[in-house]
Amino acid sequence: MREWGRGWEPLAAGVTGYVQVHVAAATLLGSGFGQAVLSARGAPWHQPIRLMADRVLVIGNGSREHALAWKLAQSPHVKQVLVAPGNAGTAGDGKISNSAVLVSNHAILAQFCKDHNIGLVIVGQEDLLATGIVDYLTSVGVRCFGPTAKAAQLETSLSFAKAFLDQHGIPAARWKAFTNPQEAYRFVNSTDFPALVVKAGSPAARKEVIIAASKEEVCEAVQKMMQENMFGESGEMVVLEELLKGEELSCLCFSDGVTVAPMPLAQVHRYLLDGDRGPNTEGLGAFCPAPQVPEALLQKIKDAIFQPIVDNMRQEGTPYIGVLQTRLMLTKEGVKVLNFKCHFGDPECQVILPLLKNDFYEVIQAIIKGKLRSLMPVWSENSTAVSVVMISKGYPGDYANGMEITGLLQAKELGVEVFHSGTTVKDGKVVTNGGRVLTVTAVKEDLMSALEQANEGVAAIQFHGAIYWKDVGYPILGLLSQSVGPVCKGRSMETLTSNILIDHCERPTESNTISGSHSELEGFAGLFDLRPFGYDDPILVSRTKGLGTKLQIAQVCKKHNTVGQDLVAVCINDILAQGAEPLFFLDYFAYSKLDAEVTQVIKEGIADACRRAGCILLGREIAEMPGMYSLGEYDLAGFVVGAVERRQMLLKLEKIADGDVVIGLASSGIHSSGFNLVRKILLMSCLHYTAPVPGGCDDQTLGELLLTPVNMYSKSLLPVFRSGRVKSCAIIAEGGLMKSIPRILPESCGVVLDAHSWKIPQIFSWLHNEGNLSEEEMAQAFNCGIGAVLVVQKELAEQVLMDIQRYEEAWVIGNIVSVCTGSAPVKVKNLLKALQLHGSQCQQNAALLDSHLQPKKSKVKVAVLISGAGTSLAALIAYAKEPASCAQVALVISNKPGVEELRNAARAGIPTRVIDHKLYGSRSEFDSTIDRVLEEFSVELICLAGFMRILSSAFLRKWSGKILNVYPSLLPPAKGGNACKSVIQPGHRVTGCTVHFVLEESSAGAVIHQELIPVEVDDTEKTLSERLREAECRAFPIALQLVAKGMVQLGADGKTCCKSEGQQPIHQRTSEASLD
């Protein structure tokens, strides 16, 4: 072989010459030239060989394709890697460069490959696989790596994949497909499994998925897909699928159509925010291998899923050749398939390929030739790869491009690999060109080390609006110091993980002697070894706590699925205020008589919360005490221990100074100290916990709202605590805002908060009104929408706020000020006004709730006419999505092309039309065109949202009583058209906006609804205009609901009349403080 290789080396410089000289020999042997030469020499395929350097084409432009090119370029068999179209990272990196070949045209692509002697094409994109690019290139003699279009149906056709899994008994979520919405509704209400996942199932569908929280939301999603064409023709068929619960993993394998070679399991962080909240993304980080998953489980996945798929595909005449990726859910019943990808996923590719020890090019060639068994992949042992994805601010929605990226070379010098995605080169600089910008990958001996190095690499890279996860793999870091975790009655963590049973035993009772957490035999004590966690000078912090009145509410409501999560959260949040990382948790559970179902639900909630917090559930005490508690009663208490380095402890009172900034984190609802007062208010109001939420828009009851678990802030706050930028932290619990915050302030300092700076949930406004509470009483009893506050230096506030907002809703809510001895340490400005402002929303929602209690009717179709930005369109769209709304925004028309509101409507799935008035010779011709389009969409009502054209008399007569407009003043209209200026200059104390029917002649009697706002002493035209715009967004949906429901209509005399007797024709509402 060595002599053969030397004999051919002189031709390495000329690939074209190589092909010309040896094409005849290859043809005579009836195969590719590489195999021809090998056959002539008699060398078996699996022996190491020295092939002439090849040119490879990788199709795509993301981080995945950059990683593929990077790995291929390491092969001595590869002379050059072209990436089409590529990005800034693949534009000129050693062997790697970009190509502008048109990949969507198969014929052009094939000719390019022949003209440029491309020896191998790798397809990384699903859409090209679906169009049969592999079939075409292979048919014309271009070697291509990937499945055929028919095999790729596992990814591209939902109905094919589901039927295939069922036919061959491969475990997956239960499902059923429908082309008739009524049949889907009946199925949802009768099935014995939670069919909460709604997928577009037609052949045109791709990734259209809605995960619903209730059966009602499922029916609404079905209606939107099938009857309202939310996804166009993709929704002609829907698939209702079981919602699986458990731990999600990504598992990939190579396949040559016969042999399966699994890759190490990877775990991906997919959601934009912490706690699986926020938009679902392609993945913002990943690590590989998943250390909490035993090797035996990977073998089970191969035997039960991958091999049966490959075997049955081959038997059906469609061999699967390439990479197959499955998203798996580890459920209580075992491993189940969620979906497939017929190529490397992103970011899975970026953490898997760095661990491959083989020559990637040789592995691909073996797969194409059906010889994978002779060259099985070998993976690095004792190594972990972590990838952190850097995204643009606004992703996965709107984001800005063209931001310069710096620090790429510095990151490389730190030992990480930087794979580009949304980047390009402009004026010699690398700039952003997409939402997913870069993936930074580090490979180290363990997850913690790899994560630290990846974060160091990310920190070296800068571009405006950069966002990234700092704690990829955080939930399982607590397990990494132990090769075997806690055990329950002889069952190791490996067994628990493989069956996804977290602490389902009665209590932890014994353990392995390996360092970490241990529960001693007979339940005498739990042991925890702190040394493996790497602390230098640790201080232990502990807290024990119960739920008090909130637990009584849970028992009255018979709703027990949140109290376990709540217990863990309130304990962990309290030690977090000292900067401590939670290490382990124990709970005490006492009851009158064991209810196995209730007990199991509570235990699962505690275990799940511990897992999300990254702490060990070390022990449990359960006591049956029939003489102590009444039947059905129980009590819960939790105990948590955490640790913090002495030098990193919070409560640095000596460093807090005048001018520091206060950052507030949003709460999920009411904190514990307020529940006694809540019970008293409910008694006075004669409301029960089963009553609908006052002013609510959905089916949530008051009890369900009150039992919403407390936010657990460990993941969002620990990283910023460790950065040293936070001076102190307070959890807003006992004593509300007035008593919780002073605990972290020196005597010489106080705090001034502005209630207009944060969002106050409507329940607090209702409690304020219903309980007739003063401003001071609200601040003393309740947290008023704030869950925790931080004190930071003013110059560092922006960065700290950005770091927190990746996980939680947060705001700058106040400042530290100097105070005299005896002065109140906490002052909350504008609390009364803010409560009244948010409380006004309850009135809007009450109208929606009233219609929700009526029998379902088809929604009134509404067209919104616009001329540009700054309109009420977003508010109308949001209102129309509410389950109780009586209107559907069926069409948006603009007389100006290219305006942002058209794009917003399209993103919401609403049809749009541009009817440019400049293209018409007269107003009547323009109006006639609008009229035809309105009839085409069966429009019943019209809303003018910033529509800047005068409509003709004929149009207004035809649509009399059907056109609504909002005006930024109280009628009669302000002279001169500048409503704000006309109000401020004369010194008026009140103004507002008016929603009215549009008539040929303006009439004050055509008013539908008015929103009043006070004119403040320091108001300017700008500030008043902004508040008027907010008022319009509140008023317009209310007026539309009143008209769509038939409660208000235009009478023959040109005045509004109401459906119910005694109701005033003009609906007025104040939105802030008293206006007298």
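A salt bridge here is a side-chain nitrogen of Lys or Arg within 4 Å of a carboxyl oxygen of Asp or Glu. This is a predicted model, where local features need pLDDT of at least 70, side-chain atom pairs count only at pLDDT 80 or more, and totals for chains, interfaces and linings use all residues. Residues are numbered from 1 along each chain as its sequence is written, and side-chain values use heavy atoms, with hydrogens and water left out.

The structure holds 31 salt bridges, including these:

| Pair | N to O distance |
|---|---|
| R620 and D587 | 2.9 Å |
| D803 and R725 | 3.4 Å |
| R1034 and E1011 | 3.1 Å |

Let's start with R620 and D587, which meet in a salt bridge. R620 sits in strand β27 (residues 616–624) and D587 in strand β26 (residues 581–591), so the pair ties together parts 33 residues apart in sequence. Strands are DSSP runs of E with at least two residues, helices are runs of H or I with at least four, and both are numbered from the N terminus. Both R620 and D587 are buried; that means under 20% relative accessible area, with exposed being over 50% and partly exposed in between (1.4 Å probe, protein chains only).

Now for R1034 and E1011, whose side chains form a salt bridge.
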